[in-house]
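Visitor: I'd like to go through a protein model with you and keep asking what the labels rest on. Could you show it to me?

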Amino acid sequence: MSKLPPALQNLPLPVFGSPMFIISTPKLVIAQCTSGVVGAMPALNARPAAQLDEWLAEITEALAAHNRANPDRPAAPFAINQIVHKSNDRLEHDMAMCVKYKVPVVITSLGAREDINQAAHSYGGVVLHDVIHNKFARKAIEKGADGLIAVAAGAGGHAGVKSPFALVQEIREWFDGPVALGGAIASGSAVLSALAMGADFAYIGSAFIATEEARAAAEYKQAIVDCTSDDIVYSNLFTGVHGNYLAPSIRAAGLDPNALPESDPSKMNFGGEAKAWKDIWGSGQGIGAVRKVQPAAEFIAQLRLEYREALARVNGLSYKV
């Protein structure tokens, strides 16, 4: 059993809604949390920076109101994603807002810093760091992160190339804290598979794009429904870091998704230019499981039903070992 902090214990469904640039806003986060999964959004989605104060107030007030009205069904905690990279000149301000509102979970990406972890720990917050390699996982824990998000092959946006089997296995050889697994998870059976591999939580992003609360164009949402893993392109052209994108959006931009040039990694861009995510649509390989655009609560209810059905199938099997 993993050692889970109190904030991450007893979730109705072991799922994180991953923070998605542009897409995730308080509306989606609140819908996720009140439906029993951890809702998350990037701090950089609040623009200008002062809007983050307003958004955190909105989320904390909405979840508190839900808890007062539903004492037997409290909301799951929420998370804020911080890009810990030198290009993010808002990091200090945004972390100050997290401290002010005592954000339960802080997800750090693209760099691990002890002072960021200490700031979250100052009020009892939990820090999870997303990684694509075991060596990065070790560094993050050494610098004070409480847990890890293993971003495996097939994840939407910036993703690694490691098989989830290999990545989680290597992390679990030395780490017994909280681990969320991301990469092509869009169904309840996939959630159960993540737990079977050794993760504590499934990390789901792309499927939430096709929800009514997501801040995405209608065409983007429909593309998530219509496309499959065959329509996903892995490229570093758009931000300097390899990520997964929908081929139709690349074609619409006048580019050939089968002949994209390589980008210069030294010119990474994380948030200063929204075009890479607004016009070139990020998506993971799991979208073949997405059948329609629907409210987040309905999608989460679907996940819960599929999860229970998958668990029942496994429990009903009898193998001699």
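Guide: Let's start with a definition: buried means under 20% relative accessible area, exposed means over 50%, and partly exposed lies in between (1.4 Å probe, protein chains only). Also, this is a predicted model, where local features need pLDDT of at least 70 and side-chain atom pairs count only at pLDDT 80 or more, while totals for chains, interfaces and linings use all residues. Residues are numbered from 1 along each chain as its sequence is written, and side-chain values use heavy atoms, with hydrogens and water left out.

Visitor: Why is alanine 194 called buried?

Guide: Alanine 194 has 1% relative accessibility, and the cut-off is under 20%, so alanine 194 counts as buried. You'll find alanine 194 in helix α7, residues 188-197. Helices here are DSSP runs of H or I with at least four residues, strands are runs of E with at least two, and both are numbered from the N terminus.

Visitor: What does alanine 194 touch?

Guide: Contact means heavy atoms within 4.5 Å. Not counting residues up to four places away in sequence, alanine 194 touches Leu181, Ile185, Ala199 and Ala202. Alanine 119, on the other hand, is 75 residues from alanine 194 in sequence and 30 Å away in space, C-alpha to C-alpha.

Visitor: Why is asparagine 10 called exposed?

Guide: Its relative accessibility is 77%, and exposed means over 50%, so asparagine 10 counts as exposed. Asparagine 10 is in the segment before β1 (15-17). It has a positive phi of about 65 degrees although it is not a glycine.

Visitor: Which label does isoleucine 22 get, buried or exposed?

Guide: Buried, because its relative accessible area is 18% and the cut-off is under 20%. Isoleucine 22 lies in the loop between β1 and α1 (26-34). Here too phi is positive, at about 70 degrees, in a residue that is not a glycine.

Visitor: What makes leucine 260 a buried residue?

Guide: Leucine 260 has a relative accessible area of 18%, so it falls under the 20% limit. Leucine 260 sits in the loop between α10 (247-252) and α11 (275-278). Leaving out residues up to four places away in sequence, leucine 260 touches Val233, Ser235, Leu237, Phe238, Ile250 and Leu255. Alanine 50 is 210 residues from leucine 260 in sequence and 37 Å from it in space, C-alpha to C-alpha.

Visitor: And why is glycine 205 buried?

Guide: The value for glycine 205 is 13%, under the 20% limit, so the label is buried. Glycine 205 is in the loop between β9 (201-204) and α8. With neighbours within four places in sequence left aside, glycine 205 is in contact with Ser18 and Met20.

Visitor: What makes a set of residues a nonpolar core?

Guide: The set has to consist of buried Ala, Val, Leu, Ile, Met, Phe, Trp, Tyr and Cys residues joined through side-chain atoms within 4.5 Å. The largest such core here has 78 residues, of which Phe78, Ile171, Ile204, Phe208 and Leu246 touch the most other members. Apart from it lies another core, of 18 residues, including Val38, Ala76, Val105 and Val151.

Visitor: Which residues of helix α9 are buried?

Guide: In α9 (residues 218-226) they are Tyr220, Lys221, Ala223, Ile224 and Val225. These buried residues pack against α8 (206-209) and β11 (243-246).

Visitor: How do you know that the protein is as compact as a globular one of that length?

Guide: First the make-up: the protein has 12 helices and 11 strands. Its radius of gyration is 19 Å, close to the 20 Å that the globule rule gives for 321 residues, so the protein is as compact as a globular protein of that length. The radius is taken over C-alpha atoms, and the rule is 2.2 Å times the number of residues to the power 0.38. Of the 321 residues, 54% count as buried.

Visitor: Which peptide bond is cis?

Guide: The one from arginine 47 to proline 48, with omega near 5 degrees. Proline 48 is in the loop between β2 (39-42) and α2 (51-69).
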